[in-house]
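Biologist: Please put the model up, and then we can go through it by question and answer.

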Amino acid sequence: MCSSDLPTHMLTLDLITLYPVKSLDGVNVAEARVLPSGALENDRRWRLVDMEGRVVNAKRTPLCHAIRAEFALDERLVTLSIDPAALAAAAIPGVDRLKNLGRDSFHLLPGPEGPCGWLSEALGLGVLLQERPDGGFPDDRDAPGPTLISTASLEEVGRWFGFDLAESRRRFRANLEIGGCDAFWEDTLASPAAAVAPPSLLDLPPDLPADPYADLPPPEPREFSIGEARFRATNVCRRCIVPSRDSRTGAVTAHFRDAFEARRGRGMRADVDAGGWGSLYRLGVNTTIGGTGGRIALSDRVFELRR
């Protein structure tokens, strides 16, 4: 470790989750390879599209919540089934017709083969599987690296709404989970506040503009390392409608976004500058690669890279 690499409160990488097929379940792994693109190998490697080429996901198709997926990535195999909790809740229109759709396993093959027949029946529309092995299909094309969040943040949001850590993880679908810090520490990577407060305007000469600091750029997002890989935070993730739904049943949590933003605002950290967010409906951070990739593994230390 060089002298400019400072340990960040003895933080550690406590969970790695890959989402092989976008909008389906994740799989926890002990280690992962960061590709030169910045993506984790096999994360969002596959996605579903309809026969017109439009992306099929949980935002557009809530029936995705009823589908359980188990992956054997070394065999490129997925086992699909319908969640009994989704059938019992009957919160998603059309879910009742899935009660006779049995559990089955398929190889992950691009095109109409593999799981596409089963998924087409489950979702009620024809789908194809697309594959991109060299970087996957990230939600943010300008930040194709893994998404990162702290365990404490997930626990805090779960406390707001009365769901457990496992449900919070499933709703927000982050790749890397960091332990050893307090809630929303990751915001300081993407949106750090200025380290030193400017002097009081009362102490400045009267001929200066009303706010001489208004045009100063905010501090740059921070770089950090985990294992062999270097990353740069880009922004705090904007959130869609999906986290407002129960991850297994699709039932909507009433007033989720309004309550989330209100809580976020009240709990905003003093060392975070949220002035450029536009909305407080954000959680976790997007990243880009800071080098050529490498291996990361559970219990790896997290270091901020100081310049």
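Predicted model: local features only at pLDDT ≥ 70, side-chain atom pairs only at ≥ 80, totals over all residues.

Biologist: Is valine 242 buried or exposed?

Modeller: Valine 242 lies in the loop between strand E13 (229-238) and helix H6 (256-266). Helices (H or I, at least four residues) and strands (E, at least two) are DSSP runs, numbered from the N terminus. With a relative accessible area of 13%, valine 242 is buried.

Biologist: Which residues does valine 242 touch, leaving out those up to four places away in sequence?

Modeller: Arginine 60 is 182 residues from valine 242 in sequence, and their C-alpha atoms are 9.5 Å apart in space. Contact here means heavy atoms within 4.5 Å. On that count, the residues touched by valine 242 are Ala58, Lys59 and His65.

Biologist: How many residues of H3 are buried?

Modeller: Helix H3 covers residues 151-161. Its buried residues are Thr151, Ala152, Ser153, Leu154, Val157, Gly158, Trp160 and Phe161. Their cover includes strand E10 (148-150), H4, strand E11 (176-179), H6 and strand E14 (282-289). H3 is mostly covered, and the buried count out of its 11 residues is 8.

Biologist: Are H3 and H4 roughly parallel or roughly perpendicular to each other?

Modeller: The axes of H3 and helix H4 (residues 165-172) come within 9 Å and cross at roughly 105°. Axes are lines fitted to C-alpha atoms, for helices over the stretch in contact, and angles run from 0 to 180 degrees between N-to-C directions. Under 35 degrees counts as roughly parallel, over 145 as roughly antiparallel, 65 to 115 as roughly perpendicular and the rest as oblique. H3 and H4 are therefore roughly perpendicular.

Biologist: How many charged residues does the contact of H3 with H4 have?

Modeller: H3 contributes Thr151, Leu154, Glu155, Val157 and Gly158, and H4 contributes Leu165, Ser168, Arg169 and Phe172. Ala, Val, Leu, Ile, Met, Phe, Trp, Tyr, Cys and Pro count as nonpolar, Asp, Glu, Lys and Arg as charged, and the others, Gly among them, as polar. By class, 4 residues of this contact are nonpolar, 3 are polar, and the charged ones number 2.

Biologist: What is the angle at which the axes of H3 and H6 cross?

Modeller: H3 is oblique to H6. The axes of the two helices come within 11 Å, and their crossing angle is roughly 125°.

Biologist: Which residues of H3 and H6 make the contact?

Modeller: By class, the contact of H3 with H6 has 6 nonpolar, no polar and 3 charged residues. H6 supplies Phe256, Ala259, Phe260, Arg263 and Arg264, and H3 supplies Val157, Arg159, Trp160 and Phe161.

Biologist: What is the bridge partner of leucine 48 in E5?

Modeller: Strand E4 (residues 46-50) runs antiparallel to E5, and 2 bridges join them. In E5, the partner of leucine 48 is valine 56.

Biologist: Which residue of E16 stands opposite glutamate 223?

Modeller: Of the 5 residues of E16, 4 are buried, so this strand is largely enclosed by the rest of the structure. Strand E12 (residues 223-226) pairs with E16 in the antiparallel sense over 4 bridges. Opposite glutamate 223 stands leucine 305.

Biologist: What is the relative accessible area of serine 299?

Modeller: Serine 299 sits in the loop between strand E15 (294-297) and strand E16 (301-305). Although not a glycine, serine 299 has a positive phi of about 80°. Serine 299 is exposed, and its relative accessible area is 56%.

Key. Residues numbered from 1 in each chain as written. Heavy atoms only, no water. Pairing = 2+ DSSP bridges. Buried < 20%, exposed > 50% of the residue type's maximum accessible area, 1.4 Å probe, protein only.
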